[in-house]
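Open the model in your viewer and keep the selection panel handy. We will go from stop to stop, selecting a few residues at a time and looking at what surrounds them.

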Amino acid sequence: MHRFFITLLLLITACATPSTPVTPTAPASLRGDEVTGRLLFSRSGGIWLWEGREARQLIAPPATQAVFDPMAERIAYVVPRAGASELLVADRTGTTIAQLTRNDPAAPPGSLDRVYAAMWALYPAWLPDGSGVLAAAQAAPPAGDPPADAPLAIFRYDLNGQRQPVFADANGHLGRITVLPTGELIVVRTPLGSDGQQQLYRIAGGQATPLPGAPAPAYDPALSPDGRWLVFAVGINGGSDLYALPASGGSAVRLTDLGTARAPVFSPDGAMLAFLAIPPGGRGFDLYLAGVTVTDDGLQIGTPRRISTDFAINADAGLSWAR
C-alpha cells in the first residue's frame, strides 16, 4: 500500500484512537481557563467538549476529527477501525443519529480479505447550509497485487448516506477541507510519493491550483467567520507555526513563533483564535487563545495565552468552535 496510508494508520492509532474505552482511572472531566461557547477537541481516543472552564468526554473512543454543523446542533466525526474509518453524525449531546459510510468490513483485522475490502473516510467538513458533509475518502477499496490504495478524493455525503464525487486528483491525496462562501474549496493536497509536501490548493470550476501566496508545506486551514481570511500551519524546521493570508490568496503573514503551533480555529464571532501547541517542557498539545485584529497590514493576533495544562490534545483531529 502507499506509504501515505501506512503513515496515516500509524498516526491515527498512535495519537488518536485506541479501540478500547478510556480506563476507569481516566478523569471524567478536565478544568482550564474559561472558553466562551463550545469547543470540540480529541484526546485519549475520544471526542471532548469544552464549555466554560470544564472539558468532558462527549463521544467515547474510538472517535476523532469532530466538527460542528453551521447551526451547532449536529457533529460530524470519524470512527477509525483497523485499516478503515467511518463517518458518523451525532446530535449535540453526543448521541449518534446517522452513519454516512459503510467502510468497515466484517473480515477480521490483519486478514487479506479485510485489506481488499476496507476503506478510509477522513476530515469531515459541513456544507454551509448543513445539507451534507464533505470528506476525503477513497473511491474504491485497494486493488492490485500487492494491494494499492486509490488516492483520497473529495466526496459529498448526504445525511441519508448517499455519496457523490466532488473532485479527484490522480496524482495526489486530498485531505482537510475548507468551504469558502463562494462554494470554492481550500484543500490540503499531498503529492503521491514519499517526498511529497502538503500544500494548500483551491478547487474552483473543476480545477485545482495552488493557493497563491501560501508557503509549503502547509496544512490545517481554518476560515474566518466572515470568509475573508485563512489561518493555517506551515512546517518549519521540523516544527510548525501559524500564518494568515486572504482567502483569495496574497501575501502570507506569520502569526506565531512557538515552533509547534497548529490546528487553528476562529471563535464564532471571529474575535479570537484558538490553536494547539506544545508548551516548553510540555507532554503534549495544549490549547492557546489569542485575540484577532485586522489592520491595513492584514490579520494579526495578540500574545497567545495557554489555557489548558497537560490535556495532551490530538492535533491532527483539529478543533471546532461554536456558540
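Start by selecting β15, β16, β17 and β18: these 4 strands form an open sheet in that order, with antiparallel pairing. Strands here are DSSP runs of E with at least two residues, numbered from the N terminus (helices are runs of H or I with at least four), and two strands pair if DSSP finds at least two bridges between them. Now look at the edges, where β15 and β18 (253-254) each have a single partner strand, so one side of each is left without a neighbour in the sheet.

A word on what you are viewing: this is a predicted model, in which local features need pLDDT of at least 70 and side-chain atom pairs count only at pLDDT 80 or more, while totals for chains, interfaces and linings use all residues. Residues are numbered from 1 along each chain as its sequence is written, and side-chain values use heavy atoms, with hydrogens and water left out.

Stay in the sheet and pick β16 together with β17 (residues 239-246); their antiparallel pairing runs over 8 bridges. Zoom in on Ile 236 and you will find its bridge partner, Gly 239, in β17.

Next, select Thr 256, in the loop between β18 and β19 (262-266). Is Thr 256 buried or exposed? Thr 256 is buried, with a relative accessible area of 4%; buried means under 20%, exposed over 50% and partly exposed in between, using a 1.4 Å probe and protein chains only. Show its side chain and that of Asp 241: the two make a polar contact at 2.5 Å. (A polar contact is a pair of N or O atoms within 3.5 Å; within protein, one must be able to donate a hydrogen and the other to accept it, and residues adjacent in sequence count only if both atoms are side-chain atoms.) A polar atom of the Thr 256 side chain also lies 2.9 Å from the backbone nitrogen of Leu 242. Leaving aside neighbours within four places in sequence, the contacts of Thr 256 (heavy atoms within 4.5 Å) include Ala 261, Phe 275 and Ile 301.

Move on to Ser 224, in the loop between β15 (218-223) and β16 (229-236). Ser 224 is buried too, at a relative accessible area of 6%. Its side chain has a polar atom 3.3 Å from the backbone nitrogen of Arg 228. Beyond four places in sequence, Ser 224 is in contact with Trp 229 and Phe 266.

For another sheet, select β11, β12, β13 and β14, 4 strands in that order with antiparallel pairing. Neighbouring strands in this sheet are turned by 35 degrees against each other on average, direction ignored; the axes are lines fitted to C-alpha atoms (for helices, over the stretch in contact), and angles run from 0 to 180 degrees between N-to-C directions. Between β11 and β12 there are 6 bridges, and Leu 174 has Arg 189 as its bridge partner in β12.

Now for the largest nonpolar core, which has 32 residues. Such a core is a set of buried Ala, Val, Leu, Ile, Met, Phe, Trp, Tyr and Cys residues joined through side-chain atoms within 4.5 Å. Among those with the most contacts inside this core are Leu 87, Tyr 157 and Leu 185. Click on Leu 185 to find its contacts, including Leu 134, Ile 154 and Tyr 201.

Finish at β21 (residues 286-295) and β22 (residues 298-301), which run antiparallel and are joined by 4 bridges. They form a hairpin with 2 residues between them, and Thr 293 stands opposite Gln 300 in β22.
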